[in-house]
Structures are given as structure tokens and as C-alpha cells.
Amino acid sequence: MSINYKLVQKKHPTKKSEPMKWYAVPNSARPLAQKALTRAATANTTTAPIEMEAAIELLAAFIPQQLQQGHTVNVPGLGTFRLTFKSEGVEDINLFNAGLMIKSPRVVFSPAKELRDKIVQGLRFENGGVLEAGVNYASMADYRKAKGLPTPGAPQTPGGGTPGESGGSGGSGGQSENPLG
């Protein structure tokens, strides 16, 4: 299975004074519509897509109810849903006010180990382009061409570019099209 990524230049979140670096970010496709999802998931089974749709809807109604009651919800084979939040602290326990001091409630999903292993096992990563300053380049080759950068491994002319290029802007620092391997 091949996962597309884009290269995006940004600051490191904890090292803002350092220069921007190129990071790979997932190039996610749109999710399947519910009917397409249930048809695909029930293919080659005796379960009807409408039955799976109903089961998903029941589960989607059950999870919030359980989380609001303070329960963690474990869906076998899928993972665990739990509620988490941030809180301010007080030195005197009598001064704690939950309505004012508990903030940012959110739902956290932790996939089951088996599910996580099935997803990441055998993944390959494929460059799906470059996003720079709001411009989306379809590939590394398109980005290099637009920027006048030489292709790594291509023969260099004495002027610094590849044969057939005018000018040239030097090397790309030895970066290859797949920075992950």
C-alpha cells in the first residue's frame, strides 16, 4: 500500500527561531460516503450494507452517551474512545470551580494494537507533490522545474545547471525525491 505525501515548508513548533524546514504531510483523499463505505466493507460477506449502516449509527449514538457518563468505550478490534480535558490548579481544594477551571474537553481515540499493526504493516510512502507559499506543485519534478533547480543525479554543466537548462541555481543539498528512504 502506498501513501501519498506532500512536502510543506514550515517552522518547527517548538523551535520557532530556527529556519523553516521541509516536512512530509499526508496527502489525504476524501473519505468514502457512508453508502460506499458500507458496500465496500460488506462485500463478500452475508451482512447487508443497510445492516452495517444501522450498526454504525447505533454505535455513533452509544459512544457519546457512554463518554458523557464518564465511561471509556472500547470497541473490540477498533480501539478505545475516552474523554480528556485540561484543568487549572488551585492550592486550596475548596477554591476549585469545575465550571471555570476545566477547559478544552475533547475525545481521544486510540486504535487497537491489531488495527494499528494492520494499517502500518507494509506501508510505502510516495511523493504526491510540494506545497509552497500557497502554490501546489503536482510533483518534485514540477517543483524543481518551476524553481530552476537541477534534478539530483542529472549531469551538471559547468554553469551549475543540467544540460539544456539556462542559468542554474546550484544544487538541492543532495535531497532525493523520497526523503524517507
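**Surface and overall make-up**

I looked up the accessible surface of the chain first, and it comes to about 13400 Å², of which 57% belongs to carbon and sulfur atoms. Accessible areas come from the Shrake-Rupley method with a 1.4 Å probe, and for residues only the protein chains shown count as cover. I note that this is a predicted model, in which local features need pLDDT of at least 70 and side-chain atom pairs count only at pLDDT 80 or more, while totals for chains, interfaces and linings use all residues. Residues are numbered from 1 along each chain as its sequence is written, and side-chain values use heavy atoms, with hydrogens and water left out.

I then looked up burial, where buried means under 20% relative accessible area, exposed over 50%, and partly exposed in between (1.4 Å probe, protein chains only). Buried residues make up 17% of the 181 residues in the chain.

The chain has 5 helices and 7 strands; helices (H or I, at least four residues) and strands (E, at least two) are DSSP runs, numbered from the N terminus. Their order from the N terminus on is β-β-α-α-β-β-α-β-α-β-β-α. For contacts (heavy atoms within 4.5 Å), I recorded that 35% of those between residues at least 6 apart in sequence join residues at least 24 apart.

**Aromatic pairs**

I looked up ring pairs of Phe, Tyr and Trp (its six-membered ring), which require centres within 6.5 Å; planes under 30 degrees apart count as stacked, over 60 as edge-to-face and the rest as tilted. The count comes to 3 aromatic pairs. In one of them, the rings of F81 and F109 have centres 4.8 Å apart and planes at 45°, so this pair is tilted. The pair links distant parts of the chain, with F81 in strand 4 (residues 79-87) and F109 in strand 5 (residues 102-111), 28 residues apart. F81 is buried at 17% relative accessibility, whereas F109 is partly exposed at 35%.

Y137 is buried at 14%, and Y143 is buried at 11%. Together with W22, Y137 and Y143 form one aromatic cluster.

**Surroundings of F81**

Which residues does F81 touch, not counting those up to four places away in sequence? I found I63, L67, T72, V73, V75, V107, V108 and F109. F81 and V108 are 27 residues apart in sequence, yet 5.7 Å apart in space, C-alpha to C-alpha.

**Helix 5**

I looked up helix 5 (residues 140-147), whose buried residues are M140, Y143 and R144. Seen down the helix axis, these fall within an arc of 95°, so they line one face of helix 5; the arc is that of the directions from the helix axis to the C-beta atoms. An α-helix has 3.6 residues a turn, so residues three or four places apart point the same way. On the other side of helix 5, K145 and A146 are exposed. The cover over the buried residues of helix 5 includes strand 1 (2-10), strand 2 (21-26), strand 6 (124-132) and strand 7 (135-137).

**E53**

Is E53 buried or exposed? At 11% relative accessibility, E53 counts as buried. E53 lies in helix 2 (residues 49-68) and, leaving aside its neighbours within four places in sequence, is in contact with Q34, K35 and T38.
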